[in-house]
Amino acid sequence: MLEQLKEEVLAANLELPRLGLVDFTWGNVSGRDPATGAIVIKPSGVPYETMKIDDIVVVDAEGQTLEGALRPSSDLPTHVELYRHFPSIGGIVHTHSTWATVWAQACRGIPALGTTHADYFHGEIPCTPILTEAQTANHYEAETGLAIVARFREGKIDPKTMPVVLAANHGPYAWGNNVHDAVHNAAVLEIVARLALHSLQIDARLPPMPQHQLDKHFFRKHGPGAYYGQR
Ligand SMILES: [Zn+2]
């Protein structure tokens with residue numbers, strides 16, 4: 001079942017090392033079938049060089065395996081919670097990409113400092129609080145997802161206008177309407193994380209860009225008034 005989505009998820013997983021976003025097996029991509037809610041995800045611990053279509057695992061919306069002989073990514077419960085609480089998203093990417101992880105390890109959100117950021121992310125990229133001992137001991141991966149959901153709810157952040165987040169002391173998650181968009185957002189996040197760090201090295205007290213500039217760049221590419229690109 002879901003052969004096309006499995007092909008997309010396999011291709012997206014293989015794209016991560018090509019884009020320089022993952023080393024070894026430290027990353028995973030999933031996609032959700034809008035019709036059934038089934039989630040298609042990378043298997044756990046399989047090297048990218050040998051991963052093939054039959055290794056891809058299909059699970060239901062609760063994370064129970066429907067198809068596939070291998071165990072799904074150990075981060076599956078994080079993906080399950082994000083899909084459950086953010087119904088608009090169709091693909092999720094998790095990596096330990098260097099520059100985004102630098103910010104995650106510092107437990108700092110990435111301020112919007114320029115138009116590269118504003119073209120994709122409408123405001124500061126949030127970082128979750130550090131997980132408690134209890135959250136870490138029990139259902140750690142699901143709690144990671146729930147911490148992201150809580151951070152968005154408390155900050156009144158819309159996952160459609162902020163398709164990336166930093167899990168504190170850990171690394172980035174990115175999502176999108178589909179698997180391809182999620183990978184693209186993960187790659188843009190890595191660029192933006194690097195730009196912001198270097199800008200703050202020049203001036204550590206640099207304020208965020210003005211709201212009017214942030215709004216202009218975000219909304220010319222997103223939403224009903226968008227006019228960037230071809231019709
Ligand atoms: Zn991780």
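Figure 1. Glu67 is partly exposed, with 22% relative accessible area. In this predicted model, the side chain of Glu67 meets that of Lys6 in a salt bridge, at 2.5 Å from N to O. The pair joins distant parts of the chain, since Glu67 lies in strand 4 (residues 65–67) and Lys6 in helix 1, 61 residues apart. Lys6 has a relative accessible area of 4% and is buried.

Figure 2. Glu3 is partly exposed at 42% relative accessibility, whereas Lys6 is buried at 4%. Salt bridges link Glu3, Lys6 and Glu67 in a network.

**Figure 3. A salt bridge between Arg18 and Glu15.** The side chains of Arg18 and Glu15 meet at 3.0 Å, N to O, in a salt bridge. These two residues of helix 1 are 3 residues apart, so about one helical turn lies between them. Arg18 is exposed, with a relative accessible area of 61%. Glu15 has 28% and counts as partly exposed. The whole structure contains 6 salt bridges, and the Arg18 and Glu15 pair is one of the salt bridges found.

**Figure 4. The zinc site.** Three histidines coordinate the zinc ion, each through NE2: His94, His96 and His170, at 2.0 to 2.1 Å. Along the sequence, the donor residues follow the spacing H-x1-H-x73-H. His96 and His170 come from distant parts of the chain, 74 residues apart. His96 sits in the loop between strand 5 (91–95) and helix 3 (98–105), while His170 sits in the loop between strand 6 (164–167) and strand 7 (171–176). His96 is partly exposed, at 31% relative accessible area. His170 is buried, at 16% relative accessibility, because the limit for buried is under 20%.

**Figure 5. The crossing of helix 2 and helix 6.** Helix 2 covers residues 76–85 and helix 6 covers residues 140–154. Their axes come within 6 Å and cross at roughly 35 degrees. The crossing of helix 2 with helix 6 is right-handed. On the side of helix 2, the contact is made by Pro77, Thr78, Glu81, Leu82 and His85. The residues of helix 6 that they meet are Glu141, Ala142, Thr144, Gly145, Leu146, Ile148, Val149 and Arg153. Sorted by class, this contact has 6 nonpolar, 4 polar and 3 charged residues.

**Figure 6. The surroundings of helix 2.** Helix 2 is largely enclosed by the rest of the structure, because 7 of its 10 residues are buried. The buried residues are Leu76, Thr78, His79, Val80, Glu81, Leu82 and Tyr83. They pack against several strands, namely strand 1 (27–32), strand 2 (39–41), strand 3 (57–59), strand 5 and strand 7. Helix 6 is also among the elements against which the buried residues of helix 2 pack. Thr78, Glu81 and Leu82 are buried residues of helix 2, and they are among the residues that meet helix 6.

Technical notes
Residues numbered from 1 in each chain as written. Predicted model: local features only at pLDDT ≥ 70, side-chain atom pairs only at ≥ 80, totals over all residues. Heavy atoms only, no water. Donors = N, O, S within 2.8 Å, 3.2 Å for Na, K, Ca; no water. Helix = DSSP H or I, 4+ residues; strand = E, 2+ residues; numbered from the N terminus. Buried < 20%, exposed > 50% of the residue type's maximum accessible area, 1.4 Å probe, protein only. Axes fitted to C-alpha atoms, helices over the stretch in contact; angles between N-to-C directions. Left-handed = near helix turned anticlockwise from the far one by under 90°. Contact = heavy atoms within 4.5 Å. Nonpolar A, V, L, I, M, F, W, Y, C, P; charged D, E, K, R; others polar. Salt bridge = Lys/Arg side-chain N within 4 Å of Asp/Glu carboxyl O.
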